[in-house]
Amino acid sequence: MQRIGYLGPKGTFTKMAADAFFEEGSFIGYESIPACLDAVESGDVDLGVVPIENAIEGSVHLTIDYLIHEVNQAVIAELTVPIQQHLLVHPDYDGEGFTHIYSHSQAIAQCQQYLYKNYRTAELVYTSSTGRAAEIVAEKGIHTAAIGNHLAAEQNELTILKANIHDYDNNHTRFAVVQKTPTPLNAGNHSVQKHKTTIMVTLPKDYVGALHQVLSAFSWRKMNLSKIESRPMKTGLGNYFFLIDVDQPFDDVLFPGVKAELEMLGCRLKLLGTYPSYLMEINSFNS
């Protein structure tokens with residue numbers, strides 16, 4: 001049985017994504033994204049599931065930077081799931097205001113307008129996950145609240161005071177399934193939405209037209225790019241790498257051609273994964 005690590009504790013969106021995708025396995029929650037990825041690196045778990053991008057707040061930079069700078073792992077699948085943020089309170093809540101509202105930084109950011117309009121005097125406290133926020137409210141009592149999902153409410157015996165408080169309806173998060181030595185996944189009955197390949201491109205130096213030349217290597221081969229993002233190399237100001245998502249599986253013709261062309265320009269390429277992308281239906285989260 002596979003050991004599957006995830007950003008925990010129980011009640012996080014990451015756990016919901018893992019439960020919806022994997023039909024069986026031994027699930028182990030970790031208190032942070034680095035802890036989960038370190039467990040994959042050390043072999044304590046076979047796979048890791050971590051958030052990588054939200055439709056409202058963008059990339060989860062901690063995940064991207066850790067995958068690039070700290071561990072040597074491949075993305076072997078992508079799970080896109082709907083995210084519904086709720087305001088959770090202690091079952092003894094008396095209707096008074098809150099002194100503190102707890103949640104992960106991304107969850108708080110997804111609900112900024114709601115919080116500003118309704119609870120602008122409450123102190124917003126960042127936690128390692130939405131699941132941990134729910135645990136804190138269960139411990140601290142009636143004058144605190146958490147932002148999280150219905151599973152976090154059930155796991156911690158909290159009440160959903162207000163459902164769907166996220167600022168935009170189309171709130172989805174992409175989760176990456178990572179593995180140290182990539183092997184095909186047993187996807188059960190889940191259907192593949194598309195195949196993707198993620199690569200890292202490092203420029204030799206910043207010069208006029210450098211990014212245009214990189215993109216041209218994909219463009220004239222008619223390779224569609226669904227995302228391109230720059231991140232600091234952490235070696236000094238002005239040093240960046242580009243993370244590029246290509247909407248097709250890795251092959252033995254086009255990608256080697258791109259690699260050869262970019263290496264002639266002095267660029268370095270690293271393959272971060274070629275993988276199926278799954279869109280998880282919201283019904284998967286109603287059980």
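Let's start with a side chain: with which residue does the side chain of Asn-171 make a polar contact? The partner is the side chain of Gln-110, at 3.0 Å. By polar contact I mean a pair of N or O atoms within 3.5 Å; within protein, one must be able to donate a hydrogen and the other to accept it, and residues adjacent in sequence count only if both atoms are side-chain atoms.

Quick housekeeping. This is a predicted model, where local features need pLDDT of at least 70, side-chain atom pairs count only at pLDDT 80 or more, and totals for chains, interfaces and linings use all residues. Residues are numbered from 1 along each chain as its sequence is written, and side-chain values use heavy atoms, with hydrogens and water left out.

Back to Asn-171. You'll find Asn-171 in the loop between strand S10 (159-162) and strand S11 (172-179). Helices (H or I, at least four residues) and strands (E, at least two) are DSSP runs, numbered from the N terminus. Is Asn-171 buried or exposed? Asn-171 has a relative accessible area of 1%, so it's buried. The cut-offs are under 20% for buried and over 50% for exposed, with partly exposed in between (1.4 Å probe, protein chains only). Leaving aside neighbours within four places in sequence, Asn-171 has contacts, meaning heavy atoms within 4.5 Å, with residues including Asn-54, Ile-56, Pro-82 and His-166.

Next, Thr-198, which sits in strand S12. Thr-198 is buried as well, at 7% relative accessibility. Its side chain makes a polar contact with the side chain of Asp-245, at 2.7 Å, and another with the side chain of Tyr-275, at 2.7 Å. Not counting residues up to four places away in sequence, Thr-198 also touches others, among them Leu-243, Lys-270 and Gly-273.

Then there's Tyr-102, in strand S7 (residues 100-104). With 7% relative accessibility, Tyr-102 counts as buried. Just after H6, Gly-141 takes a positive phi of about 105°.

Now a helix pair. Two packed helices are described by the angle between their axes and the distance between the axes. The axes of H8 (residues 210-219) and H9 (residues 254-264) come within 9 Å and cross at roughly 155°. Axes here are lines fitted to C-alpha atoms, for helices over the stretch in contact, and angles run from 0 to 180 degrees between N-to-C directions. That crossing makes H8 roughly antiparallel to H9, a label for angles over 145 degrees. On the H8 side, Gln-213, Val-214, Ala-217 and Phe-218 make the contact, and on the H9 side, Val-258, Glu-261 and Leu-262.

Most residues other than glycine have a negative phi, and most peptide bonds are trans. Which residues does a cis peptide bond join? Those are Gly-8 and Pro-9, with omega about 5°. Glu-157 isn't a glycine, yet has a positive phi of about 55°, and at 64% relative accessibility Glu-157 is exposed. Lys-222, not a glycine either, has a positive phi of about 60°. Lys-222 is in the loop between H8 and strand S13 (225-232), and is exposed, with a relative accessible area of 77%.

Methods:
Parallel < 35°, antiparallel > 145°, perpendicular 65-115°, else oblique.
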